[in-house]
Amino acid sequence: MPSDRSFWITAGNLAVVTVVVCGGALAPAASAQTASRTPGDAVTSTAGVSGVSRAAAAAAPVTRSQMIARAKTWNPGTSKRVPYSQNKTHGGYRTDCSGYVSMALGLAKPGPITVGLAKSAYTRRIQLSELRRGDLIIDAIGSNTTRHVVIFDRWANSGHSSYWAYEQRGSYGTDYRTRSYGLSSGSEYKPYRALNIREDAPVPPPTVTRAQVIARAKTWNPATAKRVPYSQGKQYGGYRTDGSGYVSMTLGLPKPGPLTTALASSAYSRPIKMAELLQGDLVIDPVGGNTARAVVIFDKWANAAHTSYWAYQQRAGYGTDHRVVDHGLTSGTQFRAYRPTRIR
């Protein structure tokens, strides 16, 4: 298991030198004035905790996509991967777990050790449910032979019982594999978010015509024996098989699709009046509970009085349907009409 080991050498009353040694044996100590560096040594001069804080503060912001792209430069899981070592460097970074993560985050070379990464100078604690691509899962309190850090990429299954992670692991090197660190009760692994990480700029989904929305809605075979069954924990073609996943598919939004509440936000739609509804617009209840929120795709009015309309929806207990509804037309309803921002 990867590890970090550090000790302090005091050189007179003038300086404190941190010697970070990655490996089974500690490197010979040398005086601050005569310590010689070889390419494999990671010797970092610092002025205590405040120096570490300054280094963290100076770290340039990095987006989640940039971090993952950097993680891939060490060729994880391939014959060109960077071999693991606690006393060598690659591109100036230690080739152990914390050096790898420091490289991916663009921190100062050779990078803080695992214990340092878990400190408030570099990261903050989050909940497992908050994990996003580029977040970290760290065991900072294990022994010097068990401390470790991995980069969270994505959940491996709908039950969130494992996830894909990038890591620099002992006796192998850079890897990309499924892990379950931190998911079991009492685990020493905890989730963290780097202070210098930033969200990626939203990528506008491609425009879609109203005819395309309806054509896509029909691909899930509404109201037939071949309809897609409803589920909040399963996917079909990469999209969740619930109401918002179905709508996301018809609009061509990124998989697995935003939730119903997000569909009603300005990122994806704008409110309109029920009288303005056109084919492909949405009628959404975004404020109910997680078993009550719903979204349907307006198709056409069912009568001249506009007291009901035909809609496509992925409804609980059934699946993909095309039926007459009156959502949004009754007094006190939480349903409102919305127009997708990318529809044309």
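In the predicted model, Val283 faces Val296 of strand β18. These residues belong to a stretch of antiparallel pairing in which strand β17 (residues 282-285) is joined to β18 by 4 bridges. Both strands are part of an open sheet of 6 strands, arranged in the order β16-β21-β17-β18-β19-β20 and paired in the antiparallel sense. Its edges are formed by β16 (269-272) and β20 (319-325), each of which pairs on one side only, and the twist from one strand to the next averages 35°.

Two helices are placed against this sheet. Helix α6 (residues 243-251) lies across β17, β18, β19, β20 and β21, and runs at about 50° to β18. Helix α5 packs on the sheet through contacts with β18, β19, β20 and β21 (336-340), its direction making about 115° with that of β18. Arg210 is located in helix α5, which covers residues 210-218. With a relative accessibility of 17%, Arg210 falls under the 20% limit and therefore counts as buried. When residues up to four places away in sequence are set aside, the contacts of Arg210 comprise Leu278, Gln279, Gly280, Asp281, Arg339, Ile343 and Arg344.

A further open sheet of 6 strands has the order β7-β12-β8-β9-β10-β11, again with antiparallel pairing. Neighbouring strands are turned against each other by 35° on average, direction ignored. Within the sheet, β8 (residues 136-139) and β12 (residues 189-194) run antiparallel and are joined by 4 bridges, with Leu136 standing opposite Tyr192 of β12.

Helix α2 (residues 64-72) lies across β8, β9 (148-155), β10 (163-169), β11 and β12, and its direction is at about 120° to β9. Helix α3 (residues 97-105) likewise lies across β8, β9, β10, β11 and β12, in this case running at about 50° to β9.

The structure contains 12 aromatic pairs. One of them is formed by Trp220 and Tyr236, which are arranged edge-to-face with 5.4 Å from centre to centre and 85° between the planes. This pair links distant parts of the chain, with Trp220 in the loop between α5 and β14 (235-236) and Tyr236 in strand β14, 16 residues apart. Trp220 counts as buried at 3% relative accessibility, whereas Tyr236, at 42%, counts as partly exposed. In another pair, the ring centres of Phe298 and Tyr309 are 5.3 Å apart and the planes stand at 45°, so that the arrangement is tilted. Here too distant parts of the chain are linked, with Phe298 in strand β18 (residues 294-301) and Tyr309 in strand β19 (residues 309-315), 11 residues apart. Phe298 and Tyr309 are both buried.

Ring pairs also connect Phe152, Trp155 and Tyr163 into a cluster. A further contact between a charge and a ring involves Arg179, whose charged end sits over the ring of Tyr181 at 5.5 Å from its centre.

Notes
Residues numbered from 1 in each chain as written. Predicted model: local features only at pLDDT ≥ 70, side-chain atom pairs only at ≥ 80, totals over all residues. Heavy atoms only, no water. Pairing = 2+ DSSP bridges. Axes fitted to C-alpha atoms, helices over the stretch in contact; angles between N-to-C directions. Contact = heavy atoms within 4.5 Å. Buried < 20%, exposed > 50% of the residue type's maximum accessible area, 1.4 Å probe, protein only. Phe/Tyr/Trp six-rings, centres within 6.5 Å; stacked < 30°, edge-to-face > 60°. Lys NZ or Arg CZ within 6 Å of the ring centre and 35° of its normal.
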